[in-house]
Amino acid sequence: MHIALLSRNRNLYSTRRLIEAGESRGHSVRVVDTLRCYMNIASHRPSIHYKGQELEHFDAVIPRIGASVTFYGCAVLRQFEMMGTYVLNDSVAITRSRDKLRSLQLLSRKGLGLPITGFAHSPDDIPDLITMVKGAPLVIKLLEGTQGIGVVLAETNQAAESVIQAFMGMKANIMVQEYIKEAKGADIRCLVVGDKVVASMKRQAAEGEFRSNLHRGGSASVIRITPEERSTAIRAAKAMGLRVAGVDLLRSNHGPVIMEVNSSPGLRGIETATGKDIAGLIIEHLEKQASIPRKAPNKAPPKPKG
């Protein structure tokens with residue numbers, strides 16, 4: 001296959017591993033900088049141009065779209081979809097997962113376990129918002145935050161009110177969540193490919209830190225997940241419409257709760273912790289799915305659900 005890998009930096013670990021995995025299986029992989037693509041949106045022959053030339057035909061596209069370029073990246077991905085190219089994760093699913101509030105609402109509709117989450121606009125509603133999530137300690141999150149940035153743990157109700165008021169004063173969109181004390185600063189990252197959890201790891205926050213993100217100094221180790229956790233991760237990825245996803249879970253007293261569903265999960269931490277060739281499994285899945293006959297280009301795609 002001739003594969004396009006949408007990535008802004010070919011030297012990133014995940015990008016390099018996907019190139020290696022694709023080429024080792026006999027495919028040609030071209031890294032395409034998402035922001036250097038530009039589109040000819042025409043009824044009869046939509047096309048994508050790149051650095052002054054029309055892009056060649058690809059059999060499949062692997063999107064590695066960073067959160068900061070979600071809007072433009074998904075526009076490029078939609079253009080590939082219009083041209084009839086198979087995409088590993090489609091634009092609607094990525095947009096859905098990047099909107100933290102919308103993704104939680106979709107997961108809630110599917111009856112999946114979630115931390116109690118509140119969302120409000122008016123400062124007058126802050127006291128009731130805090131009560132709604134069982135009071136302090138509680139977690140305040142920027143909807144646009146990534147890798148643990150814009151996540152605050154408020155230890156008291158007074159501190160929570162002050163932080164929420166400050167965010168609201170800056171016109172920032174935030175949500176407030178109950179703090180799962182029993183998780184003890186650890187979460188579980190489940191890597192879903194297709195309809196399987198192919199790997200899982202425990203991420204433990206550094207001492208004095210409540211965020212378990214590896215970018216924040218957290219450590220990773222292999223973990224055995226329960227059947228309920230496995231089912232939750234698979235159902236969460238399916239609810240988002242993602243074929244490849246990183247699903248972050250917390251172990252609470254009332255079962256697994258979902259913190260986030262990531263459409264471009266990093267591979268370094270989980271490959272290092274588990275020793276598994278995750279990039280190879282992604283390419284293997286791509287081979288199977290891209291070989292399924294696609295609808296002819298220029299026909300209207302089916303209307304997405306949700």
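# Close-up views

**View 1. Aspartate 33 is buried, with a relative accessible area of 15%.** Buried stands for under 20% relative accessible area, exposed for over 50% and partly exposed for values in between, using a 1.4 Å probe and protein chains only. The structure is a predicted model, in which local features need pLDDT of at least 70 and side-chain atom pairs count only at pLDDT 80 or more, while totals for chains, interfaces and linings use all residues. Residues are numbered from 1 along each chain as its sequence is written, and side-chain values use heavy atoms, with hydrogens and water left out. Aspartate 33 sits in the loop between β2 (28-32) and β3 (37-40). Helices (H or I, at least four residues) and strands (E, at least two) are DSSP runs, numbered from the N terminus. Not counting residues up to four places away in sequence, aspartate 33 touches Ser7, Arg8 and Tyr50; contact means heavy atoms within 4.5 Å.

**View 2. Aspartate 248 in strand β15 (residues 244-252).** The residue is buried, at a relative accessible area of 5%. Its side chain and that of arginine 203 are joined by a polar contact of 3.2 Å. A polar contact is a pair of N or O atoms within 3.5 Å; within protein, one must be able to donate a hydrogen and the other to accept it, and residues adjacent in sequence count only if both atoms are side-chain atoms. Apart from neighbours within four places in sequence, aspartate 248 is in contact with Asp187, Ile188, Arg189, Arg203, Val257, Ile258, Met259 and Glu260.

**View 3. Helix α3 (residues 91-98) and its buried residues.** These residues are Ser91, Ala93, Ile94, Arg96 and Ser97. Their cover includes β6 (60-63), α2 (70-82), α4, α7 and β16 (255-262). At the start of α3, a side-chain oxygen of aspartate 90 comes within 3.3 Å of the backbone nitrogen of valine 92.

**View 4. The crossing of helix α4 (residues 100-109) and helix α7 (residues 227-240).** The two axes come within 10 Å and cross at roughly 120 degrees. Axes are lines fitted to C-alpha atoms, for helices over the stretch in contact, and angles run from 0 to 180 degrees between N-to-C directions. α4 and α7 are therefore oblique to each other, given that angles under 35 degrees count as roughly parallel, over 145 as roughly antiparallel, 65 to 115 as roughly perpendicular and the rest as oblique. The α4 and α7 crossing is right-handed. Ser103, Leu106 and Leu107 of α4 make the contact with Ala236, Ala239 and Met240 of α7. A crossing is left-handed if the near helix is turned anticlockwise from the far one by less than a right angle, and right-handed if clockwise.

**View 5. Helix α1 (residues 13-24) packed with helix α9 (residues 278-290).** The axes are 8 Å apart and the packing angle is about 55 degrees. α1 and α9 are therefore oblique to each other, and their crossing is right-handed. On the α1 side the contact is made by Arg17, Leu18, Ala21 and Gly22, and on the α9 side by Ala279, Gly280, Ile282 and Ile283.

**View 6. Leucine 267 in the loop between β16 and α8 (268-274).** Leucine 267 is buried, with a relative accessible area of 1%. Leucine 267 and arginine 17 are 250 residues apart in sequence, and their C-alpha atoms are 8.1 Å apart in space. With neighbours within four places in sequence left aside, leucine 267 is in contact with Tyr13, Ser14, Arg17, Leu18, Ile278, Ala279 and Ile282.

View 7. Most residues other than glycine have a negative phi, and most peptide bonds are trans. Alanine 136 and proline 137 are joined by a cis peptide bond, with omega about 0 degrees. Lysine 171 is exposed, at 73% relative accessibility.

**View 8. Cysteine 37 and cysteine 190 are buried.** Relative accessibility is 1% for cysteine 37 and 0% for cysteine 190. The closest cysteine sulfur to that of cysteine 37 belongs to cysteine 74, at 13 Å, which is too far for a bond. With a disulfide taken as a pair of cysteine sulfur atoms within 2.5 Å, the count is zero disulfides.
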